[in-house]
Number of protein chains: 2
Amino acid sequence: MSATAFELIKKDPGSAARLGSLTTTHGKIDTPIFMPVGTQATVKAMTPEELVEVGSQIILANTYHLYLRPGHELIQRLGGLHAFMHWDRPILTDSGGFQVFSLGELRKISEEGVRFRSHIDGSSHFISPEVSIAIQESLGADIAMCFDECPPYPAEYSYVQKSLELTTRWALRCKTAHRRPDQALFGIVQGGMHPELRRESARQLTEIGFDGYALGGLSVGEEKGVMHEMMHACSEILPEDQPRYIMGIGAPEDLIEGIYAGFDMFDCVMPTRNARNGALFTSFGRINIKAAIYAEDLSPIDPACGCYVCRNYSRAYLRHLYRSNEILASRLNSWHNLQYYLDLMAQARLAIAQGRFTEFRSEFLAKRKK
Amino acid sequence: MSATAFELIKKDPGSAARLGSLTTTHGKIDTPIFMPVGTQATVKAMTPEELVEVGSQIILANTYHLYLRPGHELIQRLGGLHAFMHWDRPILTDSGGFQVFSLGELRKISEEGVRFRSHIDGSSHFISPEVSIAIQESLGADIAMCFDECPPYPAEYSYVQKSLELTTRWALRCKTAHRRPDQALFGIVQGGMHPELRRESARQLTEIGFDGYALGGLSVGEEKGVMHEMMHACSEILPEDQPRYIMGIGAPEDLIEGIYAGFDMFDCVMPTRNARNGALFTSFGRINIKAAIYAEDLSPIDPACGCYVCRNYSRAYLRHLYRSNEILASRLNSWHNLQYYLDLMAQARLAIAQGRFTEFRSEFLAKRKK
């Protein structure tokens, strides 16, 4: 009995794109969907009500960060992550694998798990597949992820092969350890930038059997073409009747490519992080609000956008807020960028529903090349 | 013809406290009122809609800051401050006098005005009474303030006497320079910590005649008792049929004392600045949300408060956000503190309306001493 149920509503006639619906303990999600990232139990600069207003249906939280601060046991004692952060819709937690991998010199990998030092205070910690599952069960997300090893890039073929086999053994340990009946568990496909290793990883994981499957270890420095090749290589192997998720991706064009390749779920810090740096997404490409040309520009960020920010504030004011280092700059910029990402997903779903996703993708890419 | 009309609705039988209504170009204000400070054309961490939700009726903006960045002429070209910052209720601008005074070594005062260096880039500037009025007319606030000299504290009696006379001459120049028929102009009473000089300043200004009167130069290091003595000394001299404002004050108990002394308007960065440092106002005194005792505390900041924050978030979560240096911490803390200040004003107005302000004040002070 799975804690999630995936319904495949429609397949695009000209591509692998698909329209779906994923039912979780905290509600239904329309796919394809983008998940805003709430690293420390908050999507930076946004309230839960604002997340709903921009169309968020599910958010992601980081196991590594919440384990270190305030601690998963504290969150469990206080009623779990949903209650703690005042968000009653679905949550997905990552496994901590990617964050621990990102620590570089601060971590040491063994068959048993990963020993690492906290980026906050240097204290020593150990996360194994079993520990990762225990943390995620304490947090109480609707969807938990298997603890995986993310190989560096570039890496030797033989290293990547051994790494994906370790990830498979860890995935099996995760499945064995996992107990919560109200929480789904997704496997993570690794295999670096080698299509045959990606396919091998996907085969091994589907053999174990999970509620859904994710691609991990992308956007680690590879070229866009390579990233897209990995998406297509895995999509063919992954079961059609289960949700497919690409982790940590990405730019709007990567999301469109992921959907084209048959993926349903995405997450990335890009919309919120870029927002805090003044980089804004629009229907005609990216702009940076710092630029002097916006000093007296009374138009909204994007005249085609209907969000709260575009309805009420000029580029001139947003530039002033950014230059003055005001908190409202981060707020309004994050709000607009998340609206852009969620609107893009809604447009993609509509295009699939209308059987014209291939056309939608071509138009989207053409507009951005101008 | 004044751009504001003050109606004195009721006087408290046991004190100088008064209930009033001030009509401005952008609407009516119930007095006594607290004005959140929007230094750089934004009340830090808050949207205009949130300011309305907590009960803000008028906000203050800083002439000095907006003159330097983005520039008052730019704001005027873009339609004025209200349109620029998406706030259609009343605005009061200070004159820049206090900010320039605060620059210390960076400014030089003469009969003509003040030469100073920008705190942003060190560039040289000159503000006279005429320049201050021109800037405030460009910004387009409902209420402008006279350009004043704020003497240091402590200061020699003779210095303060000369200073208040300079402030009077500057006030006359401000009144002569002021042109906008839709903007009121308030005078600023100086006189340091000498009651007789305060009274002399008030007499000189009321002789010139303004739309309202403010006390400047308080909360500059003097003891609370001295500050309160100055309030009472001036209140007696200022015309009863015009609004009275104490600038840059203060702590909740100072607002209550100001109302008790017969003042109607207040502004201070305290609620928002304290919020960003984790210091929160409650009906039982101040708390600091950093404290370890709140780590697992599921209660709201103040069980007696009905604000958005107290309805939806626990002290434990707010502590986590603060320790994690999250933007949402500044947002939620500012929201609650402003709600506290605006609620306190609403309670004070109700108490005056019911003829029991003296009792209300005693109860308020008793609760805070516990």
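This is a short tour of a predicted model, stop by stop, with something to select at each one.

Before you click, note that residues are numbered from 1 along each chain as its sequence is written, and that chains are lettered from A and ligands numbered from 1 in the order in which they are written. Because the model is predicted, local features need pLDDT of at least 70 and side-chain atom pairs count only at pLDDT 80 or more, while totals for chains, interfaces and linings use all residues.

**Stop 1: where the chains meet**

Show chains A and B together. Here 28 residues of chain B are in contact with 28 residues of chain A; two residues are in contact if their C-beta atoms, placed from the backbone, lie within 7 Å. Coloured by class, the side of chain B that touches chain A has 15 nonpolar, 7 polar and 6 charged residues. For these classes, Ala, Val, Leu, Ile, Met, Phe, Trp, Tyr, Cys and Pro count as nonpolar, Asp, Glu, Lys and Arg as charged, and the others, Gly among them, as polar.

**Stop 2: a helix pair in chain B**

Keep α13(B) and α14(B) on screen. Two packed helices are described by the angle between their axes and the distance between the axes. The axes of α13(B) and α14(B) come within 7 Å and cross at roughly 130°, which makes α13(B) oblique to α14(B). Axes are lines fitted to C-alpha atoms, for helices over the stretch in contact, and angles run from 0 to 180 degrees between N-to-C directions. Angles under 35 degrees count as roughly parallel, over 145 as roughly antiparallel, 65 to 115 as roughly perpendicular and the rest as oblique. The crossing of α13(B) and α14(B) is left-handed; that word applies if the near helix is turned anticlockwise from the far one by less than a right angle, and right-handed applies if clockwise. Show side chains for B:L318, B:L321 and B:Y322 of α13(B), and for B:L328, B:A329, B:L332 and B:N333 of α14(B), which make the contact. That contact has 6 nonpolar residues, 1 polar and no charged.

**Stop 3: an enclosed helix**

Select residues 129-139 of chain B, helix α6. Because 8 of its 11 residues are buried, α6(B) is largely enclosed by the rest of the structure. A residue is buried if 20 or more other C-beta atoms lie within 10 Å of its own, exposed if 12 or fewer, and partly exposed in between, with C-beta atoms placed from the backbone. The buried residues of α6(B) include B:I133, B:I135 and B:L139. Step one residue past α6(B) to B:G140, whose phi is positive, near 85°.

**Stop 4: another pair in chain B**

Pick α8 (195-208) and α9 (224-235) of chain B, which pack at an angle of about 40° with their axes 9 Å apart. α8(B) and α9(B) are therefore oblique to each other, and their crossing is right-handed. Look for B:P195, B:R198, B:R199 and B:A202 in α8(B) meeting B:E229, B:M230, B:A233 and B:C234 in α9(B). By class there are 5 nonpolar, no polar and 3 charged residues in this contact.

**Stop 5: two domains in chain A**

Move to chain A and colour domain 1 (5-268) and domain 2 (279-370); the bounds come from an automatic or database domain assignment. Taken over C-alpha atoms, the centres of domain 1 and domain 2 of chain A are separated by 27 Å. Their contact takes 26 residues from domain 1 of chain A and 24 from domain 2 of chain A. On the domain 1 side, β2 (18-24), β4 (33-35) and α10 (252-260) of chain A give two or more residues, and α10(A) gives the most, with 6.

**Stop 6: one buried residue**

Finish at A:L280, in strand β16 (residues 279-282) of chain A. Is A:L280 buried or exposed? With 24 C-beta neighbours inside 10 Å, A:L280 counts as buried. Among the residues it touches, not counting those up to four places away in sequence, are A:I287, A:I301 and A:H336.

Conventions:
Helix = DSSP H or I, 4+ residues; strand = E, 2+ residues; numbered from the N terminus.
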